[in-house]
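The following exercises concern a structure made of protein chains. Please study the sequence and the structure before reading each solution.

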Amino acid sequence: MAYYHSVTLDRERCRGCTNCIQHCPTEAIRVRGGKAKIIKDRCIDCGECIRVCSSRAKRAVTDSFDILKNYKYNIALPAPALYGQFGSDITADKILSGLTEIGFDDVFEVARAAEYISALTRKMLDEGSLPKPAISSACPAVVRLITVRFPSLINNIVNFLEPMEVAARMARKKAREKTGLPDEEIGVIFITPCPAKMTSIKASIAVNKSAVNGAISVNDVYLRLLGVLKNVKPKNLAKAGFEGISWARRGGESYGTRLQNYIVVDGIQNVIPILSAMENEKLNDVRFAEFSACPLGCVGGALNVANSYVSLNNIKNIADRAGKSKPIGDVKDKDFMFEKQLGASSAMNLDKDLTAAMKKMEEIEKVCETMPQLDCGACGAPSCKALAEDVVRGYADAYDCIFIMREHVRNITNELYEIAESHKDGSGMTSDEIARAKELSKKLLELEQHQQSGYNFNIAEMERY
Amino acid sequence: MLKHYDISGTDFSVAGEASSNFKVVLKKLGISPDIVRRVSIAMYEAEINTVVHGGGGECDAEVLDGCVKIVFKDDGPGIENVELAMQEGYSTASDTVRELGFGAGMGLPNIKKYTDDMKIETQVGVGTKITLIVNL
């Protein structure tokens with residue numbers, strides 16, 4: 001369970017192109033033997049590769065509806081982004097009632113739990129007990145990105161549980177009281193727009209054991225739900241208001257803080273420069289930072305169906321109509337806090353030992369200088385620098401670079417040609433020249449074979465990478 | 001482990017590139033997050049000074065046994081009164097530079113705050129050399 005990841009590769013579909021390797025924010029993907037390979041301890045499950053893969057070979061492992069069979073009583077925990085999938089005139093009541101007709105016994109809105117987190121955030125801002133600037137913990141991909149690439153900001157992350165986890169605890173308690181069933185017989189299933197949430201459930205970095213049992217993707221729920229939405233009689237199930245539902249879109253969480261001085265950044269490639277500026281204390285005057293790995297917020301989640309811009313508009317309308325929800329009284333801090341301390345990941349480090357790391361760094365620079373600096377990706381690494389690093393770490397070979405390979409082949413061929421050219425008068429080759437020609441031919445053959453054996457070797461090695 | 005950077009004095013869009021590049025290097029080396037943060041803040045401030053006041057120059061950044069040492073050198077106007085320049089809020093930055101959000105007079109004080117040692121060698125009309133040390 002050390003490196004559980006929801007994002008995986010469908011090897012059959014992968015064509016070995018360079019889309020995913022060049023978009024990965026943690027340089028966690030390499031193409032080896034014509035197939036993409038995910039370096040497990042670097043992957044943050046942001047889903048960027050799922051979004052950019054034109055062969056649809058990157059997938060998020062989520063649960064199927066079969067998971068409902070494991071429990072006597074099942075509660076659906078819809079992410080607020082689910083509300084945005086069906087048009088702007090639908091109501092939350094309709095969607096929630098629909099969920100109770102496709103196999104769930106009850107529902108608990110994550111949007112309602114989000115309102116508890118908003119209330120807690122306001123309370124702690126008032127008390128002045130949040131770090132400055134305070135970084136939202138709601139997007140699990142961003143939290144993981146910080147542990148991998150911006151560890152000095154770990155202490156700026158507010159240590160509140162994700163709304164999903166809060167919802168699960170509340171839903172469980174309610175179900176226990178209502179049904180008298182023990183915890184093991186109650187299934188709490190998240191309806192997820194997000195691959196990283198699956199990892200939050202199976203291998204949380206915040207809680208010891210998640211109260212959520214599994215997650216079904218919005219994509220997998222969509223058609224079943226669409227089938228019943230037309231005729232469903234809406235029951236009075238929706239508890240979340242404008243504030244909670246708005247968490248589905250960029251800026252929604254920040255609205256809940258009631259602050260004026262906040263920053264909202266969406267899209268993982270936009271998040272990175274802002275985190276970097278924060279690390280340099282350039283944004284110390286910002287009180288609260290809301291980040292989402294997905295463009296436009298959770299409505300942009302890789303497992304959604306609707307176009308994220310359309311969905312954003314739907315959410316605005318649905319949230320407006322929902323209006324104010326029942327006020328939340330005093331919140332108990334400890335119910336909503338991380339149980340574990342976040343730790344820095346060492347996935348990007350060259351070596352545990354500083355001297356060894358420095359030596360490797362110097363070698364990397366030397367190797368990198370020999371490369372074309374085109375970052376073409378043909379070698380399977382995202383950039384020349386990344387290949388140079390792989391070479392020094394022992395996971396790749398400089399000849400994986402087609403330019404270096406070509407130059408090498410050209411030099412050998414030229415030398416062979418020159419030997420031949422010097423005997424065009426018909427004179428015989430000396431024994432030294434024959435030996436050299438043999439040696440060069442052998443090298444050419446080796447280079448040709450290198451590609452295959454080298455790749456195979458690398459696949460085995462990368463497993464430990 | 002020496003990294004050399006040329007600091008442009010005319011292209012403001014690349015100001016900060018040396019410090020952000022060196023930050024990546026330090027992280028890869030596994031230097032502790034707190035030290036990386038202190039080095040990057042101090043180095044960034046010094047880099048901006050080299051651009052804004054020094055008219056560009058060069059930088060040598062080095063990880064040594066026990067410390068990180070960074071030297072910025074420029075052939076700019078030099079600092080007339082170092083003591084004054086070290087005061088928080090004092091700045092000789094032009095209005096143009098201030099409009100870009102710089103020139104708050106926190107550069108040198110911040111460098112002092114985040115480093116374990118700093119040394120300024122400067123001569124009016126000749127240039128400035130500033131050495132930053134952060135202990136590991």
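**Exercise 1.** Determine how many salt bridges the rule finds across the interface of chain B and chain A.

*Solution.* A salt bridge requires a side-chain nitrogen of Lys or Arg within 4 Å of a carboxyl oxygen of Asp or Glu. By this rule, 6 salt bridges cross the interface of chain B and chain A. One of them joins Glu389(A) to Lys28(B), whose closest N and O atoms are 2.6 Å apart.

This is a predicted model, in which local features need pLDDT of at least 70 and side-chain atom pairs count only at pLDDT 80 or more, while totals for chains, interfaces and linings use all residues. Residues are numbered from 1 along each chain as its sequence is written, chains are lettered from A in the order in which they are written, and side-chain values use heavy atoms, with hydrogens and water left out.

**Exercise 2.** State how much area chain B and chain A bury between them.

*Solution.* Buried area is the accessible area (1.4 Å probe) that two parts lose on being put together, summed over both. For chain B and chain A this comes to about 1800 Å², with 53% on carbon and sulfur atoms. Of the area that chain B buries against chain A, 35% is supplied by Met1(B), Lys28(B) and Leu29(B), more than by any other three residues.
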